[in-house]
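Please look through this structure with my notes beside you.

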Protein chains: 2
Amino acid sequence: MTASSVPVRQSSVRAHNLALVLQTVANSADPISRAAVAAASGLTRATVSALVDDLIAGSLLTEVEPAPRTGAGRPAAGLRLAPDGPAGVGLEINVDYRAACVADLTGRVRHRLVEPGDQRPDDAATALAGISRLALQARRLAEADGLTVAGVALAVPGLVAGDGMVRVAPNLGWHDVTVGDLADGLPVTVDNEANLAALSELAAGGLPPSFVYISGEIGIGAGIVLDGALFRGARGWSGEIGHLAVDPDGPPCRCGARGCLEQYAGQEAMLRAAGVATVAELTGADLTTAGRALGTAIAAVVNLLDIGTVVLGGIYAPLLPLLRPAIGAEVDRRVLTAEWSPVELRAARLGPDAAMRGAAGAVIRSVLEDPAGWLGRA
Amino acid sequence: MTASSVPVRQSSVRAHNLALVLQTVANSADPISRAAVAAASGLTRATVSALVDDLIAGSLLTEVEPAPRTGAGRPAAGLRLAPDGPAGVGLEINVDYRAACVADLTGRVRHRLVEPGDQRPDDAATALAGISRLALQARRLAEADGLTVAGVALAVPGLVAGDGMVRVAPNLGWHDVTVGDLADGLPVTVDNEANLAALSELAAGGLPPSFVYISGEIGIGAGIVLDGALFRGARGWSGEIGHLAVDPDGPPCRCGARGCLEQYAGQEAMLRAAGVATVAELTGADLTTAGRALGTAIAAVVNLLDIGTVVLGGIYAPLLPLLRPAIGAEVDRRVLTAEWSPVELRAARLGPDAAMRGAAGAVIRSVLEDPAGWLGRA
DNA sequence: AGGGATTTGTTTATTGGTTGAATTATTTGG
DNA sequence: CCAAATAATTCAACCAATAAACAAATCCCT
């Protein structure tokens, strides 16, 4: 029974409709008139006008020159997301680099800072101090542009609990790390890199509302998007696809089990099996085993969740043409419903920045989803 | 971005709060006063009174004698779900029987009709005519009790599309069957039996808001409950756990692939492997293979969805003591997060009627979730 | 040029719904 | 028998969306 157990008052109505108007504008490719927002959202023109006034006053929307005439009638004033309103800082810490970026409300990346360097020898505190320096630098750059930073989000390659604690990030050597203040009091959220990369792909557009993003790096993770929202699971640990069993008697995995997907389709496993040193040297023949294993795991996801689209990211994105035959064959064979609706495999559109951009996007998204909260902040 | 893209008006506020009040009463074990509802829901006493008036007028709630005195002050009038309000008819059609039941708003089963008999030789039209007879009979029984039947739900062992069409029910021999009117114009919904059984277990209480129900019958299906709501997937075909790959080179399955879970833990596979004729004859030693296979599949579900509780139903419920060692060992080995939060395995509390009761419950649930829609019906 | 048609955006009175305070109702305890 | 306590109702105030009228700005046709 889910009446979400919270009472609704009139102010909630306004909060909801503010978000509705804001997102209608956000989802429109071109500037859009108040009247068009009303038509698209189902609200009255009068209501939309009132809500838009608030959103403009809070610098979430701006009016731009009307679009070229299109017939009779008073010309419309165009609305679009304000490029000088709240912004998000996205951070990523990974095995061999740390990075930060600033994205404005429209999703455009305004600044990008990358510091290569192995993060593994450092202990967590040192690594966090480094990422904090980057975060503060990004914040200063944003404020120099006249932006107000609404928050900071950090992408880590590991399991993140609901309260932001990093339970374990094997490739960083982290265990039970609490991420404190990173940017001088700004709210910080922490999330798994695959989750954030999935959100990033969602924001890039062209995807259905439900899909799975599979990130192939040293480890293999997945971000599950259901109906336009990230599915995190009860404790935030969903998407551990790397340890799905592909063959119960397969090679032992560092997780303690045998035959995990990672032992077939992880970066190191693929390079070792092919006897080459870099991903670029891999050929189609080298990838049959990895492709079949991936196909088996993808089939499991599709059979369980009935999701029709799989986005392959990380090292899989450039390899997809080589992987596709093996993956496709296995998926078609194993997905019960493939007959009625084939599973679509796509390469990720965003490159290695996906997780970091997704982190910045998560901050922005929180403003777009609750503009009333943003407007009403102290 | 999910502002659900629908505008909210004041009437939506009332609809939501009606549901909130109704569900607050429904979730209370004992009769509950208006004041207590106000305290629990966060609404004002004045608002609760007004909403309760509507709910009583629509015979969704009734006032009962106050609970025994508990101190000074005017005694409270108790509220509880009306046992003579709307009711749901639940239907089930399965390989060797068909059945119907009537449940009132409180969830109590008021009537129960079962007709054993192999449904397989019949074509779908004949089977549907039979179930329709049962449905009408159940409706008459309900109306003789003074109940108003709000709708009918049918549980089938197969894939059901969003519009209620049964794509395929292998063990019934159905393909693309459209279920029409079954009970003289009452609204009919159709759903997968594992989904409805999962809802039934949820309603029976004692479970966390997210769990997976695994139904072991001739086939193996799963109902996935996330945050108290059934997860159906994009097209309604989620939970096809029976065809998860347990061993890529295992025995061929009727689905065309190899090594599906059903080939290890399906009823027929288990009996064949043990060389016995009935489930009751199975011993722990017979079930090691099935248990390991189930454990592997459950680990996949938990790794993907981060769900901490698995309910085993159908033939697995009585077998759980024998299956548990093998399942548990495999799950602990394969679930990445087992260290922090062990996976709990439970036997289903409801017997073979679970799906049918879940169907009746789904009808009732639709009223409890949208009382405004029920009150405002023509 | 000029007048009607057309579309955008704002103003105003109305309606629906929650809130908070005051009021009424009903009990226990001294 | 009266005060204290708790439950439920009544009523004025307020908030937000709506519908309809109105104002603004343009196009198009004669």
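1. A:Ala99 stands opposite A:Val114, a residue of β5(A). The strand that faces β5(A) here is β4 (residues 97-104) of chain A; seven bridges join the two, and they run antiparallel. Two strands count as paired if DSSP finds at least two bridges between them. Strands are DSSP runs of E with at least two residues, helices are runs of H or I with at least four, and both are numbered from the N terminus.

2. A word on the source: this is a predicted model, where local features need pLDDT of at least 70, side-chain atom pairs count only at pLDDT 80 or more, and totals for chains, interfaces and linings use all residues. Residues are numbered from 1 along each chain as its sequence is written, while chains are lettered from A and ligands numbered from 1 in the order in which they are written.

3. Now the sheet around that pair. In chain A, five strands form an open sheet in the order β5-β4-β3-β6-β10, with mixed pairing. Its edge strands, β5 (109-116) and β10 (188-192) of chain A, each pair on one side only. Neighbouring strands are turned by 15° against each other on average, direction ignored. Helix α5 (residues 193-204) of chain A packs on this sheet and touches β3 (86-94), β6 (148-156) and β10 of chain A. The direction of α5(A) makes about 95° with that of β10(A). For such angles, axes are lines fitted to C-alpha atoms, for helices over the stretch in contact, and values run from 0 to 180 degrees between N-to-C directions.

4. Is β11 (residues 211-216) of chain B mostly covered or mostly open? It is mostly covered: six of its six residues are buried. Buried means that 20 or more other C-beta atoms lie within 10 Å of the residue's own (exposed: 12 or fewer; partly exposed: in between), with C-beta atoms placed from the backbone. B:Phe211, B:Tyr213 and B:Ser215 point one way from β11(B), and B:Val212, B:Ile214 and B:Gly216 point the other way.

5. β11(B) has two partners to check. With β12 (residues 220-226) of chain B it pairs in the antiparallel sense over six bridges, and the two form a hairpin with three residues between them. With β14 (residues 309-314) of chain B, β11(B) runs parallel, joined by five bridges. Follow B:Val212: it stands opposite B:Ile224 in β12(B), and its bridge partner in β14(B) is B:Val310.

6. Next, the two chains. A rotation of 180° with 0.0 Å of shift along its axis superposes chain B on chain A, with RMSD 0.2 Å. That is the relation of a two-fold axis. In chain B, B:Asp247 comes closest to the axis, at 2.7 Å (C-alpha).

7. How many residues of chain B are in contact with chain A? 60 residues of chain B touch 60 of chain A; contact means C-beta atoms, placed from the backbone, within 7 Å. α1(B) gives the most to this side of chain B, with nine residues. Because 100% of the interface residues of chain B are also interface residues in chain A, the copies meet through the same surface.

8. Last, DNA strand C. 32 residues surround it, and the closest are A:Ala46, A:Ser49, A:Gly73, A:Arg74 and B:Arg74. Near means a C-beta atom, placed from the backbone, within 6 Å. α1(B) supplies the largest share of this surface, five residues.

Methods:
Least-squares fit on C-alpha atoms with pLDDT ≥ 70 in both. Contact = placed C-beta atoms within 7 Å.
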